[in-house]
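Subject: Structure for your files, with notes

Hello,

Please find the structure we talked about below. My notes come after it.

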Amino acid sequence: MPKGCLVITVSGLAGSGTTTLCRNLARHYGFKHIYAGLIFRQMAKEMGMTLKEFQEYAELHPEIDREVDRRQVEAAKECNVVIEGRLAGWMVKEADLKIWLDAPMMERARRVARREGVSVEEAFVGIAEREKGNRKRYLNLYGIDIDDKSIYDLIINTAHWNPDGVFAIVKAAIDHLYPDGDAGSGANPGNKK
């Protein structure tokens with residue numbers, strides 16, 4: 001198990017498997033799991049709104065996105081955290097490992113349909129609309145093109161592996177993160193003290 005202070009980001013689009021991976025990492029390594037969606041839900045509760053009401057409110061109030069992202073950056077100051085969010089890799093610039101999970105749109109739609117109890121077609125349309133809106137919002141808010149994967153250290157197509165396989169790949173990356181094989185030893189400049 002890694003020692004020291006690690007910050008890992010996991011990003012990906014709906015249905016790519018980010019939450020499953022983060023839960024597995026948190027359980028295995030004892031990392032704290034910070035989830036942008038959870039922060040969003042907490043903010044909705046703080047404002048006394050349902051999630052749907054708050055989503056509609058957030059579309060008209062860009063300060064909501066900025067606050068969610070600010071809270072993610074703040075959480076990254078802790079040790080041994082895995083931060084999940086579409087922009088987590090962009091927001092947490094000093095992360096030790098930035099991961100992007102992907103899968104073909106139809107596979108992601110099948111997963112979302114299963115999870116949310118809707119038809120695959122309904123899930124597909126919902127995902128497509130949300131991703132189009134999110135891409136525009138991220139460009140307008142931050143000048144970030146979510147399609148630019150150049151910042152990620154590890155990109156995995158989760159259609160090729162089940163959750164255990166994805167976890168095994170990421171575990172190998174974490175366990176061999178630094179050349180001396182002692183992730184989190186503090187001996188490497190990218191490592192936080």
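Predicted model: local features only at pLDDT ≥ 70, side-chain atom pairs only at ≥ 80, totals over all residues.

Residues are numbered from 1 along each chain as its sequence is written, and side-chain values use heavy atoms, with hydrogens and water left out.

Cores

The largest nonpolar core has 19 residues, and Val 10, Leu 25 and Ile 174 touch the most other members. A nonpolar core here is a set of buried Ala, Val, Leu, Ile, Met, Phe, Trp, Tyr and Cys residues joined through side-chain atoms within 4.5 Å. Buried means under 20% relative accessible area, exposed means over 50%, and partly exposed is in between (1.4 Å probe, protein chains only). Two or more residues of this core come from each of strand S1 (7-12), helix H1 (18-29), strand S4 (97-102), strand S5 (154-157) and helix H8 (163-175). Helices (H or I, at least four residues) and strands (E, at least two) are DSSP runs, numbered from the N terminus. In soluble globular proteins, nonpolar side chains tend to be buried together.

Helix H1

H1 has 12 residues and spans 16 Å from its first C-alpha to its last, close to the expected 16 Å. The expected span is 1.5 Å times one less than the number of residues in the helix. Its buried residues are Thr 18, Thr 19, Leu 21, Cys 22, Asn 24, Leu 25, Ala 26 and Tyr 29. The cover over these buried residues includes S1, strand S2 (32-35), strand S3 (81-84), S4 and H8. Contact means heavy atoms within 4.5 Å. Just after H1, Gly 30 has a positive phi of about 75°.

Salt bridges

How many salt bridges does the structure hold? There are 13, a salt bridge being a side-chain nitrogen of Lys or Arg within 4 Å of a carboxyl oxygen of Asp or Glu. Some of them are as follows.

- Lys 32 and Glu 78 meet through their side chains at 3.4 Å, N to O. Lys 32 lies in strand S2 and Glu 78 in the loop between helix H4 (63-75) and S3, so this pair ties together parts that are 46 residues apart in sequence. Lys 32 is partly exposed at 42% relative accessibility, and Glu 78 is partly exposed at 32%.
- Glu 131 and Arg 108 form a salt bridge in which the closest N and O atoms are 2.6 Å apart. This pair links distant parts of the chain, with Glu 131 in helix H7 (residues 120-142) and Arg 108 in helix H6, 23 residues apart. Both Glu 131 and Arg 108 are buried.
- Asp 175 and Lys 171 meet at 2.5 Å, N to O. Both lie in helix H8, 4 residues apart, about one turn of the helix. Lys 171 is partly exposed, at 26% relative accessibility.

Surface patch

Met 106, Phe 124 and Val 125 form a nonpolar patch on the surface, with about 240 Å² of accessible area together. Patches are made of residues with over 30% relative accessible area and no salt bridge; like charges are joined within 9 Å, and nonpolar side chains (Val, Leu, Ile, Met, Phe, Trp, Tyr) within 5 Å. Accessible areas come from the Shrake-Rupley method with a 1.4 Å probe, and for residues only the protein chains shown count as cover. Met 106 sits in helix H6 (residues 105-116) and is partly exposed, with a relative accessible area of 39%.

Single residues

Asn 80 has a positive phi of about 55° although it is not a glycine. Asn 80 lies in the loop between H4 and S3 and is partly exposed, at 24% relative accessible area.

Tyr 57 is in helix H3 (residues 51-60) and is partly exposed, with a relative accessible area of 24%. Not counting residues up to four places away in sequence, Tyr 57 touches Met 47, Met 49, Glu 63 and Ile 64.

Cys 5 is in the segment before S1 and counts as buried, at 4% relative accessibility.

Regards
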